[in-house]
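Subject: Structure handover

Hello,

Here is the structure for you to look over.

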Amino acid sequence: MSNVLSKNYDLAIIGGGVVGLWCAYFAQKSGLKTALFEANTIASGASGGLLGALMPHMPTQWNGKKQFQFDGLVELEDLVAEIEATTGVSCGYARVGRLQPLSRPEHLNDAQERCAAAHDRWQYGERQFEMRIVDEPHSSGWPDSDVMPHGAVFDDLSAHVNPRAVTAALLKSIAGQVDIFEHTPVTSGENKKMTLNDGTMINAKDFIVAAGLGSFDILKPFTPSLAGRPVKGQAALLDTKLDPKLPVLFQQGVYLIVHEDGRTAIGSTSEREFEDARATDQLLEDVIAKARMICPVIKDAPVAERWANLRMQPIGRDPLLGRLPDHDGVHIATGGFKIGFGIAHRMAQAVLAPITGSTPIEIPESFRIENRVNPA
Ligand SMILES: Cc1cc2nc3c(=O)[nH]c(=O)nc-3n(C[C@H](O)[C@H](O)[C@H](O)COP(=O)(O)OP(=O)(O)OC[C@H]3O[C@@H](n4cnc5c(N)ncnc54)[C@H](O)[C@@H]3O)c2cc1C
């Protein structure tokens, strides 16, 4: 290993989740000599999940953060097509839209406002995305008509991917182009040098820390005030044979997503307090029961997999993005929380732009690292 690490890299990426993988993808495309360090195995953290919902923020009260996500959601479609074409791996991407049932009449006014705001805001070049109110379920049992007594809001912007297929495709597209070190945690000490556990220093001009929850320990010597909290999430996969063109359903905090193979992903829970981050429990069973009630077509479907992991929510909630103030060459890209798969590629492009000299991508004020670090 010391031989390899005597290599000088243009860029070292720390963390092999979806954010680190997109960083590696664009870095190698720009010709940077790149290394990717992962403490465990690639995509073994939050990015190894089952859901893959690509959901826009509400179009009302528009701001820079919503624009960043909107652009990310639109642009992901072509980027996925690009990695699918080069790797032959299908990412299970489908822009199927989303149905959000309206269970109470007072939600109608809000829904109409959202439809008008979507019409104004959801424009990308020639493309226009819409939200509209519908009266009937999409198809029989999707969802049960009883759960939408006042109709539902349908939008044609929402989509989904298979998270494991996306990370597999990204890994395949960087293999051989990027030096990948699994089971290789990175730390930094008082001397502010990025090192491996045995003290070996990493030689790189730039570092991107995309280590999810691990990011704060790595960056403590640089910016002790940065912090985030773990929020556990649980999800399940049901062995169904449904039409993958069915819209994503979002009702009572539960997502139902039919993936490319006809199986239905259901999620998720949100727990600030937990004992075992990787164990599933009754909370997930409750979500599954709710999903079966929303859509009786899945009522008897066996559970193929249950999964749990930690999402990282930065203090201040929004993602953290950009170069650390006063520390040339150290950058952060993390904190997608519940929407990471829809924005990871754009976070990667934004953090890489000053490194590669490519066209800058506007980073929302609330994501900018300089606005989130307290003065020492
Ligand atoms: C139950 C659940 C459901 C979700 N559903 C959705 C959804 O439907 N749609 C969506 O967009 N998002 C969803 N998310 C969120 C999404 O999974 C995350 O936003 C995304 O995976 C975050 O990616 P990441 O690369 O920042 O972090 P991670 O995937 O956690 O990657 C960070 C990596 O860094 C590594 N690491 C940590 N410390 C070190 C170190 N010191 N050295 C080297 N490596 C290190 C870790 O091992 C890990 O592999 C969900 C999350 C959960 C838990």
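The shell around the ligand divides into 17 nonpolar, 18 polar and three charged residues. (Ala, Val, Leu, Ile, Met, Phe, Trp, Tyr, Cys and Pro count as nonpolar; Asp, Glu, Lys and Arg count as charged; the others, Gly among them, count as polar.) This is a predicted model, in which local features need pLDDT of at least 70, side-chain atom pairs count only at pLDDT 80 or more, and totals for chains, interfaces and linings use all residues. Residues are numbered from 1 along each chain as its sequence is written, and side-chain values use heavy atoms, with hydrogens and water left out.

**Ligand**

In total, 38 residues surround the ligand. To count, a residue needs a heavy atom within 4 Å of it. The closest are Glu38, Ser47, Ala53, Phe337 and Phe341.

Val19 has a polar backbone atom 3.1 Å from a ligand oxygen. Ala46 places a backbone N or O atom 3.1 Å from an oxygen atom of the ligand. At Val186, a polar backbone atom is 2.9 Å from a ligand nitrogen.

On its own, the ligand has 1,000 Å² of accessible area, and the protein covers 91% of that. (Areas use the Shrake-Rupley method with a 1.4 Å probe.) Elements giving two or more residues to the shell are α2 (18-29), β14 (228-238), β18 (303-314) and α8 (340-356). Helices (H or I, at least four residues) and strands (E, at least two) are DSSP runs, numbered from the N terminus.

Where does the ligand lie relative to domain 1 and domain 2? Domain 1 (2-48 + 165-227 + 316-371) and domain 2 (84-159 + 229-314) both give residues to the shell, so the ligand lies between them. The bounds come from an automatic or database domain assignment.

**Second largest pocket**

This pocket is lined by 13 residues. (A pocket is an open set of points on a 1 Å grid over the protein atoms alone, where a 1.4 Å probe fits, with protein on both sides within 12 Å along at least five of seven lines; lining residues have an atom within 4 Å of a point.) Nearest its centre lie Gln100, Pro101, Leu102, His107 and Arg114. α4 gives the largest share of the lining, four residues. By class, the lining has five nonpolar, six polar and two charged residues.

**Backbone points to check**

- Trp142 to Pro143 is a cis peptide bond, with omega near -5°. Pro143 sits in the loop between β7 (131-134) and β8 (152-155).
- Gly267 and Ser268 are also joined by a cis peptide bond, with omega about -20°.

Key. Polar contact = N/O pair within 3.5 Å; in protein donor to acceptor, adjacent residues only side chain to side chain.
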